[in-house]
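Thanks for coming. I have one structure to go through today, so please have the sequence and the view open.

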Amino acid sequence: MARKATYGKRSKASKAERLFAELPQSPMRKPPTNKAANQPKEPEPATVRDLTERLSEIRIQDKSDTEHSKVPRLSRKESEKVIYEEPSVADEHEDNTPQCSDTEENLASEDEPEYEEESSAETTLRILTWEDVCPYGDRIEKIAEASYAEVYRVTNDRGTSIIKVIRLNSPIKAKTKMQERAKLVDEEPHSEEDINGELQISEWLADIPGFVVYKERYVVQGKATRQLLETHQVFQRRMKRQDPGRAQFYPSPSRYLDDTRFLVVELGDAGIALEDWKLTTESQLWDIFFLVAVALARAEDLAMFEHRDLHEGNLCIRQAHEPSERPCRSDGPCYGYSGLDITILDYGLSRAEDLSIDYATPVSNDLEKDLSFFTSTHAPQCNVYRQMRSFLLRADRVCLPPAEHTTPYAKGIDGPISWDVFAPYSNVLWLAYLYSYLVSNFKGDKKALQNFRSTTQELWKYLDPNARDDVPCFSCAADVVCFGVEAGWIADSQLAGSGHSIIEREESIIMSRDDEEDEAVSPRRLPRRSQYRQKAKNLLRKQQIKSQQDWHHAKKVLPDLEKQEYLYSWFLVGTRSFYYEIEETLSYPSHDRLALLPVADVLNHANAGCSVAFSTEAYDITADRAYQAGEEVYTSYGAHSNDFLLAEYGFVLPDNPWDQLCLDKVLLAKLPPQHMTALSERDLLGDFMLRADLPPGDRTWVAMRGLASGGGVPEWDDWMHGKEDADGALAKAREMLPGFLAEFRGDVEDYRRRITELRDDANAAKMDMLLQRWNQLDDLARINRGRIHDLYTQHEE
């Protein structure tokens, strides 16, 4: 019997299965069976918001196109500019053990040393003063000293930020005699090249939940304020009490001159370092461990990332929302109840690469230049450094002692050691370190700890770096996450739901006085970071990564294949293939069950057209009506929204009966944590689409009814079946809808303005297409508001 065919690709896997479709499965468990046949219809995998945020950035480059695109930095004050080569976006604050020694600060100085100042001509950064960074009335607190930066927390009426302060090559006062006697050692100034690798990695990871939020970068120049000097002194006195023997490596702010310059990287406040966080509940153990594992797994997939230094000082914790109780079900998820969020910091030792560039040179720190990492025994994490290097030498679990790590570039299984290679087992080693730290530093109920250890006994068996040789091991963080999903500790909907973890655009809270005067009439510069964390199934990004991975596979099999020839073929398959699921193709991944049909693939899409069905012998295309000579014949690619058509095929229909609005941004920002948990458990979190004909039991109405219920107890299960409650939550939700749509239309106006600003002769076609799409969404919001009102008015009558 012939079955209806869909033009284009169709996925029958669950969201979590698609998310990790290309990541290796755990060697200990069989892959989960496909239950997609019992799943409701999947929502469209992209919205125009995703497109607007990504389309101007994403491109697949050929061999001749290897330059990174630059984003212009706007300056309020044209007369105050510094020409500085722009590193690629975002760093995070390091939280290493501070190095310090207290001493009296003295404003006297001797002759000023001379420095050769940097100059380049790439991008303009704002120049600020220390008075701009923290004027009188604002708060600045020094919180750490890292390997090349001082770290401060700044708080004002616009919010809180972390700033990393890196001294550039510029003059500074000589040490006073008192400072000389105190044997102060100045941290050497740095050039952009010293930190560019870490900043580049930050850009690649910026859209992955769990990694640091970048705000802005600017230059601060001039003498210090009294506040800066005072917080420096307080910090040094505190550090001296903790460790009297440590030297102070950073010069006192009293030595800053008018020409002393710093590169300042402003970041979101990530919370409290794990080493300072008190672990008191079992849900905290589950969430911290798996939040880190999921973040690392995504980073492995998107940037072939290894952290290589993920100790308790480089992981921050914050209470994002109130914890919730786990349902009393032994087989239910264990993850997602603590209300915690994590942020992974410090990519100074990390390794990653840009998968959008062919044969890209990885960004990594050559650890062979400093073997003290592997010979030191001063901290527990030193053993993990040795485990990483031992793995490169032996490719097994054996950890060589410090004495075996004294020869740089020693010969390993693949020749001399190179830290450029991608060995994601290092992420497994750090997850093992994290697990051990969590259970060793737990301060809560002993029974809760015992239950956690008992439940995760099999996980630790394969995670343990000291396990026997005959015990299988995880090869990467993705293996660990897959194990958690297959064990039932993490629900598919929770992985998909984390893709809906939306944060508002975080802008710099640091403004010059001229900025403050102009703020009311001139919108602030748009940051490089996307307004939203990237959805787990962001179609555009996944397409880019998939094309690059496929290219690497193809190149191995066909070494003479040219990139342009490959791209031509890849896009042909992506845009012209028909879904083809028969017994012979069931063993293929769902995205590979495809067929090419010459001639049939020239049929364009319309709301109605020829029907297409396939069997084991043939595809049958049947006209839906009589066609006149010369009239174009259409088929339907499926019941797709214009967002999907734009992302997958590059066009939109002027009149699409399947078009719909995505209200995720509006609703997710308003849902309280307990509602998000309840919706996630029922696989109803996110993908809040709106059409005039939505039934009362649709996920969008269910979420809105929860908001309309106020302080009452939500009747989720009744609402899912379309039942009204005694309080009339559905009627109240309809009354709230106009406000939600007005907020949505305000967003539309913002995006239309941004598209207009981005538009130029080179991108006019795609910007015009996006503008057309946002205009359609504005019309949909306006029209659906009226249609929904009329529809329910008729029902009530």
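This is a predicted model: local features need pLDDT of at least 70, side-chain atom pairs count only at pLDDT 80 or more; totals for chains, interfaces and linings use all residues.

The protein chain has 797 residues, and 54% of them count as buried. There are 24 helices and 20 strands in the chain. On contacts, take pairs of residues at least 6 apart in sequence: 77% of those contacts join residues at least 24 apart.

Now the sheet. In what order do the strands β9, β10 and β11 lie? The order is β9-β10-β11, in an open sheet with antiparallel pairing. β9, residues 272–273, and β11, residues 340–344, are the edges here. Each has a single partner strand, so one side of each is left without a neighbour in the sheet.

Look at the pairings one at a time. β9 and β10 are antiparallel and pair over two bridges. β10, which covers residues 315–319, pairs with β11 over five bridges, again in the antiparallel sense. You can follow a row across the sheet: I272 stands opposite I317 in β10, and I317 in turn stands opposite I342 in β11. Another bridge joins Q319 to L340 in β11.

A helix goes with this sheet. α7, residues 282–303, lies across β10 and β11 and runs at about 40 degrees to β11.

The largest one has 103 residues, and F289, I344 and L431 have the most contacts inside it. Which element gives the largest share of this core? That is α7, with 15 residues. The core also draws on two domains: at least three residues come from each of domain 1, residues 127–269, and domain 2, residues 273–365 + 419–494. There is a second, separate core of 38 residues, and V652, W701, L737 and M767 are among its members.

Start with K164 and E198, whose side chains meet at 4.0 Å, N to O. K164 lies in strand β6, residues 159–167, and E198 in helix α5, residues 192–205, so the pair ties together parts that are 34 residues apart in sequence. Are these two residues buried or exposed? K164 is buried, with a relative accessible area of 0%. E198 is buried too, at 6%.

The next pair is E141 and R139, which meet in a salt bridge at 3.7 Å, N to O. E141 is partly exposed, with a relative accessible area of 25%. R139 is exposed, at 52%; the cut-off for exposed is over 50%. This pair also belongs to a network of salt bridges that links R139, E141, R153 and D269.

The last pair is R759 and D768, at 2.7 Å, N to O. R759 is partly exposed at 40% relative accessibility, and D768 is partly exposed at 35%.

T231 sits in helix α6, residues 226–242. With a relative accessibility of 10%, T231 counts as buried, because the cut-off for buried is under 20%. What does T231 touch, leaving aside its neighbours within four places in sequence? Its contacts are I140, E141, K142 and Y152.

The last stop is helix α20, residues 673–681. Its buried residues are H675, T677, A678, L679 and S680. In general, an α-helix has 3.6 residues a turn, so residues three or four places apart point the same way. Just after α20, D683 takes a positive phi of about 60 degrees.

Methods:
Residues are numbered from 1 along each chain as its sequence is written. Side-chain values use heavy atoms; hydrogens and water are left out. Two strands pair if DSSP finds at least two bridges between them. Helices (H or I, at least four residues) and strands (E, at least two) are DSSP runs, numbered from the N terminus. Contact means heavy atoms within 4.5 Å. Axes are lines fitted to C-alpha atoms, for helices over the stretch in contact, and angles run from 0 to 180 degrees between N-to-C directions. A nonpolar core is a set of buried Ala, Val, Leu, Ile, Met, Phe, Trp, Tyr and Cys residues joined through side-chain atoms within 4.5 Å. Buried means under 20% relative accessible area, exposed over 50%, partly exposed in between (1.4 Å probe, protein chains only). Domain bounds come from an automatic or database domain assignment.
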